[in-house]
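Please look at the sequence and the model together before reading on. The report below is meant to be followed with both in view.

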Amino acid sequence: MVQKHFKEKSLLVSNEKLQRGPESAEVTVYALLVATMSYDDTVAQAVRLIAGGMLPGDEREAYQCCIDSYATARIEMAGVVTDLTSCDFARTRWEYSYSVAAMATCGDGLKAGTPLGPLSAADRDLTMVAYDLGTLKIY
């Protein structure tokens, strides 16, 4: 009974928050979309560079690790979108945090000067913007 009351109250608070700030909700969703679209572009670039055969073995391994990290970040961001549309924010902070951690894992594994480095750094920044906006909106 308490859990049902809590869920109903959470939905009311969620709906109230979203109704009070449609512009900020739109900006939050836009930031999520921009981040995930950028993820797709960066992964495509990584795949092209791996397929081109110009990367040494350890760098190929780092790029593959990035591709895996991007998959994790994308899955977590999809979870955030689901949370936003269902007004269920129980996991949202964790999903954002896992996305940020995945982006950090990619960047940490890349050598300085590698072609993927600037793209990964930009994606990490986009992920942080989405995280910061989501945190302001939800919490």
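Predicted model: local features only at pLDDT ≥ 70, side-chain atom pairs only at ≥ 80, totals over all residues.

Residues are numbered from 1 along each chain as its sequence is written, and side-chain values use heavy atoms, with hydrogens and water left out.

**Helix H3 and its end**

Helices are DSSP runs of H or I with at least four residues, numbered from the N terminus. Helix H3 covers residues 57-86, a run of 30 residues, and its first and last C-alpha atoms are 44 Å apart, close to the 44 Å expected at 1.5 Å a residue; the expected span is 1.5 Å times one less than the number of residues. Cys87 follows H3 and is found in the loop between H3 and helix H4 (92-109). The phi of Cys87 is positive, near 55 degrees, in a residue other than glycine. Most residues other than glycine have a negative phi.

**Val80 within H3**

Val80 is placed in helix H3. Leaving aside neighbours within four places in sequence, Val80 is in contact (heavy atoms within 4.5 Å) with Leu32, Thr92, Glu95 and Tyr96. The C-alpha atoms of Val80 and Tyr131 are separated by 9.8 Å, although these residues are 51 residues apart along the chain.

**The disulfide**

A search of the whole structure finds one disulfide, the term being used for a pair of cysteine sulfur atoms within 2.5 Å. The disulfide joins Cys66 to Cys106, with an S to S distance of 2.0 Å. Because Cys66 lies in helix H3 and Cys106 in helix H4, the pair ties together parts that are 40 residues apart in sequence. The torsion about the S-S bond of Cys66 and Cys106 is about 95 degrees, so the disulfide is right-handed. Cys65, by contrast, is in no disulfide, and the nearest cysteine sulfur, that of Cys66, is 6.0 Å away.

**Accessibility**

The table uses relative accessible area, where buried means under 20%, exposed over 50% and partly exposed in between (1.4 Å probe, protein chains only).

| Residue | Relative accessibility | Class |
|---|---|---|
| Cys65 | 35% | partly exposed |
| Cys66 | 1% | buried |
| Val80 | 0% | buried |
| Cys87 | 8% | buried |
| Cys106 | 1% | buried |

Key. Helix = DSSP H or I, 4+ residues; strand = E, 2+ residues; numbered from the N terminus.
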